[in-house]
Amino acid sequence: MSRFMCLRVPSRGLARSSGVKMWMRPGRATTGLRPYASTAPEPAVKKSLGEILASAIKTTGPISLAAYMRQCLTNPESGYYINKDPFGAGGDFITSPEISQMFGELVGIWVLTQWMAVSKPDESRLIELGPGRGTLMADMLKAFQSFGYFNHTVKEICLVEASPTLREMQHKLLCGEEPLEETEYGHKSRTKYGQLISWYMDLKTVPKDDCAPFIIAHEFFDALPIHQFEHTQHGWRELLVDYSVPKVETPLSLPNQTTSIGPEVAKFHLTVPAYATASSRVIPSSSERYKKLPIHSKIEVSPESWDVALEIAKRIQETDELGRVVNAGSALIVDYGPADTIPVDSLRAIKQHHIVSPFEEPGAADLSADVDFVALKEVARKEAGVDVHGPVEQGDWLHTLGIGARATVLANKQTTQEGKDRIAKAYNRLVERSGGAMGKVYKVMAFTPKGSPVPVGFGGEVVE
Ligand code: SAH
């Protein structure tokens with residue numbers, strides 16, 4: 001099995017309820033391209049995203065991979081998630097919360113243990129970045145009903161979600177018939193349990209008022225745009241997306257992504273420019289990890305991810321004017337990527353269960369990349385001074401949180417063999433390690449306030 005087949009996994013009949021994962025990966029709809037001001041009437045035939053990008057590249061020159069990724073995913077007219085229904089059989093990937101309720105429940109239990117670890121604050125705020133269908137949050141909230149003393153402290157649930165379609169789905173799942181109202185920053189409603197729930201475009205706009213934040217990011221970072229760089233004899237160069245007849249092979253070594261020189265037709269492809277870009281001057285020299293790499297090394301870097309990680313870290317360790325920590329919280333990041341190395345050539349595009357070229361048809365495939373856990377760790381530790389735990393493998397983390405016992409309880413409640421088998425299958429899928437399965441490839445990392453107890457799942461015990 002290719003190492004990519006375990007990520008953005010096809011449902012294999014394991015998804016809960018509908019059997020398919022509804023999948024969408026919007027990013028911020030910034031383009032990196034110069035907008036065209038036009039007063040001309042709308043053209044009768046709508047241009048495809050490929051045509052728009054090709055003409056922009058012809059005008060401005062090659063664009064960064066990050067700009068290309070954002071366009072492909074969230075171009076407001078033709079981005080992958082905007083124009084097609086990602087929830088049908090054509091978009092069937094599956095993520096851990098969609099495999100079993102056990103995942104969300106255990107994340108909920110972890111949040112509870114962290115609430116205890118940070119001295120049981122009177123008011124807390126649950127924040128989730130990129131909640132997808134809202135399943136993880138729904139399972140957490142359900143689990144919290146058994147822990148009234150904590151549940152009563154939850155003042156607000158905040159979902160950071162760029163996609164209007166997904167917001168609607170999250171609202172339906174979490175709030176039922178409760179109306180959805182517009183707010184200054186997004187929307188608000190009440191959950192089925194009566195809690196205030198709000199939607200935001202950006203974590204930075206989520207309020208901070210006297211509430212301990214507990215922040216979850218499950219498969220959020222892998223959707224954020226990346227830059228690729230190559231260390232050449234002339235210094236670092238940023239790989240750019242061009243639209244032309246390729247003169248050399250695209251320097252991307254993923255399956256099905258060879259672009260050997262064929263007929264003389266223009267296409268999207270990566271190119272290594274002879275010149276340095278603003279990003280290639282600044283980013284590779286920003287960390288010792290990159291500086292020491294030899295000539296011909298390639299790296300993937302996501303400054304947008306650094307920014308989000310820093311914002312998370314600052315929030316869970318907010319300080320007052322005397323430098324004392326106020327509103328101490330915790331954060332949990334679950335995603336895939338190497339635990340201790342820099343991602344290389346991990347950009348992948350998936351369409352209808354298959355890995356395809358990210359350059360074939362812009363906007364037609366889901367794009368994602370490995371998360372650089374070390375980079376997130378560095379930014380959180382060095383720039384926000386928080387403690388970082390992990391990353392540990394998902395399988396280990398779930399075992400420590402008690403997935404074995406929970407699976408047994410759920411299986412015993414099943415009245416049919418089919419039901420028992422379903423629980424066993426879901427359990428295995430979440431914790432399995434062999435062949436690059438989810439239990440190994442997915443990693444879990446936590447941010448906690450400096451000096452607070454080591455969290456459960458990372459070597460610590462429950463703090464009473
Ligand atoms: N956490 C869910 C969904 C993961 S898919 C799960 O594991 O099942 C990624 C999620 O992040 C989607 O909800 C997507 O809409 C959201 N997203 C991606 N980029 C975003 C951005 N820049 N701002 C806000 N939400 C974003």
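Reply: Contact here means heavy atoms within 4.5 Å. Helices (H or I, at least four residues) and strands (E, at least two) are DSSP runs, numbered from the N terminus. The model is predicted: local features need pLDDT of at least 70, side-chain atom pairs count only at pLDDT 80 or more, and totals for chains, interfaces and linings use all residues. Residues are numbered from 1 along each chain as its sequence is written, and side-chain values use heavy atoms, with hydrogens and water left out.

The pair consists of helix α13 (residues 394–401) and helix α15 (residues 417–431), whose axes come within 7 Å and cross at roughly 125 degrees. Axes are lines fitted to C-alpha atoms, for helices over the stretch in contact, and angles run from 0 to 180 degrees between N-to-C directions. Angles under 35 degrees count as roughly parallel, over 145 as roughly antiparallel, 65 to 115 as roughly perpendicular and the rest as oblique; α13 and α15 are therefore oblique to each other. From α13, the residues Q394, G395, L398 and H399 meet Y427, L430 and V431 of α15. Sorted by class, this contact of α13 with α15 has 4 nonpolar, 3 polar and no charged residues. In this scheme Ala, Val, Leu, Ile, Met, Phe, Trp, Tyr, Cys and Pro are nonpolar, Asp, Glu, Lys and Arg are charged, and the others, Gly among them, are polar.

Strand β21 covers residues 387–393. Of its 7 residues, 5 are buried, so β21 is largely enclosed by the rest of the structure; buried means under 20% relative accessible area, exposed over 50%, and partly exposed in between (1.4 Å probe, protein chains only). Strand β22 (residues 442–448) runs antiparallel to β21, and 5 bridges join them. Two strands pair if DSSP finds at least two bridges between them. Within this pairing, H389 stands opposite A446 in β22.

For the chain overall, the secondary structure comes to 16 helices and 22 strands, and buried residues make up 57% of the 464 residues.
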